[in-house]
Amino acid sequence: MHSIQSVSEQTGLTADVIRIWERRYQVVNPQRTASNQRLYSDEDIEHLGLLKRITDSGRRISAIAHMSTADLREIADKLPPAVSTTPSLSAANDPDGFQPAAIEAVLQLDSSALTTLLDKALIQLGGVAFMTHFIAPLLEKIGDLWRSGSVRTCQEHFASAHIRSFLGKYMMTANTDPLGPRVVVCTLPGQLHELGALMSAVVAAQGGWNVIYLGPSVPIEEIQFSVDCKDAKAVAISLNYPLDDPRTPILLQELKSSLPDHCTLLVGGIGSNRHRKDIEKLGARKIDDLTMLAQQLDSLR
C-alpha cells in the first residue's frame, strides 16, 4: 500500500488534486489507517496515472472520471507521447515561489494579491523572462488544473482576464516611443485567443517599437488598412486556437500578398508549428518563441 505522498510522486498529481478527485468524482476509494491516513493500492496508482495522462491531453476530468481502468487504458494507448510546449518555471527562475502563490491568488479570486505577484515577478525576472518563464507556464498550469477539475471555470477566466489586463497596461507603459518603427500585432479571423499576441506586443514595445495592437480575430482588410495608415514596418501574427482551422494557410497568403514590400510578416504562436512550410513558402518569418521574436525585431530596426 502507498501513502498519498508516494502516489503524488509516482503519478505527477499533487496531493490536493488527488483529494479533490476523490471527493468530487470518487475516482478511487483508498483504504484508511487507524489514524485516518489514506493508503492506495497499485491499481489505484495506475488508475490515477491514466487519468493524469488523459487530462493532460486536453480532456476534462468530469468527462472521464466514471470510466474503468480498462477503458482509460484504451484511451491512453491511443494518445501521442506527451511533449512540453512551454518552458517550466524552475526553482532558479522562481526563487520566491511566485507560481504557487499566484495559483493560490487565483483560487481565492484575489485581484490585489495576483496583481502584486505579477508586479514582483516582472521586476525580478525582466520582460521576456517574465513571460516565457512565468506567465506562459502559469497559464499552462492553470489550464491543467482546470481540465483536472481542481480549478473552476470562473477561476480560470479570472486568471486570464487579470493577466490580459496586466499585460495590456504594461504594453501601454512601454509603448512610449512615437518615433520608433511601427508594428501591427493581432490574430487572424477566427483566432480568439489573444494572450500570445499580447505578449508579443509587450516584447515589441520593450524593444522600442511603436505597437499598433489590434487584438484577436481581425479581418485581413483591417490589418492591411492599419499597415497602410501607420506605414508599419512589420506585422506580427499569433496563431493559437483552433489549431486545425483550414482557413489559416489561405488567410496567411491573403495577408502576405496585401502587405507592401517593406513590411515583414512575422508568424508565431503554438499553431504556427503546423504551418511552418506555409509560412516559409510565403517568405514570412516563423517565430519559435518570444526570445526569437525580440531578436527578429532587433534585426528589422
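In which helix is the place of Ser165? Select Ser165: the residue lies in helix 9 (residues 153-174), where helices are DSSP runs (H or I, at least four residues) numbered from the N terminus. The model is predicted, so local features need pLDDT of at least 70 and side-chain atom pairs count only at pLDDT 80 or more, while totals for chains, interfaces and linings use all residues. Residues are numbered from 1 along each chain as its sequence is written, and side-chain values use heavy atoms, with hydrogens and water left out.

Ser165 has a relative accessible area of 36% and is therefore partly exposed; buried means under 20%, exposed over 50%, and partly exposed in between (1.4 Å probe, protein chains only).

Next, display helix 6 (residues 98-107) with helix 8 (residues 127-148), whose axes come within 11 Å and cross at roughly 50°. This angle makes helix 6 oblique to helix 8, a class that takes the angles left over from roughly parallel (under 35 degrees), roughly antiparallel (over 145) and roughly perpendicular (65 to 115). Show the side of helix 6 in the contact (heavy atoms within 4.5 Å), including Phe98 and Ile103, and that of helix 8, including Phe134 and Leu145.

Finally, select Cys186, which is buried at 0% relative accessibility. Its sulfur is 11 Å from the closest cysteine sulfur, in Cys263, too far for a bond. The whole structure contains 0 disulfides, a disulfide being a pair of cysteine sulfur atoms within 2.5 Å.

Terms used. Axes are lines fitted to C-alpha atoms, for helices over the stretch in contact, and angles run from 0 to 180 degrees between N-to-C directions. Helices (H or I, at least four residues) and strands (E, at least two) are DSSP runs, numbered from the N terminus.
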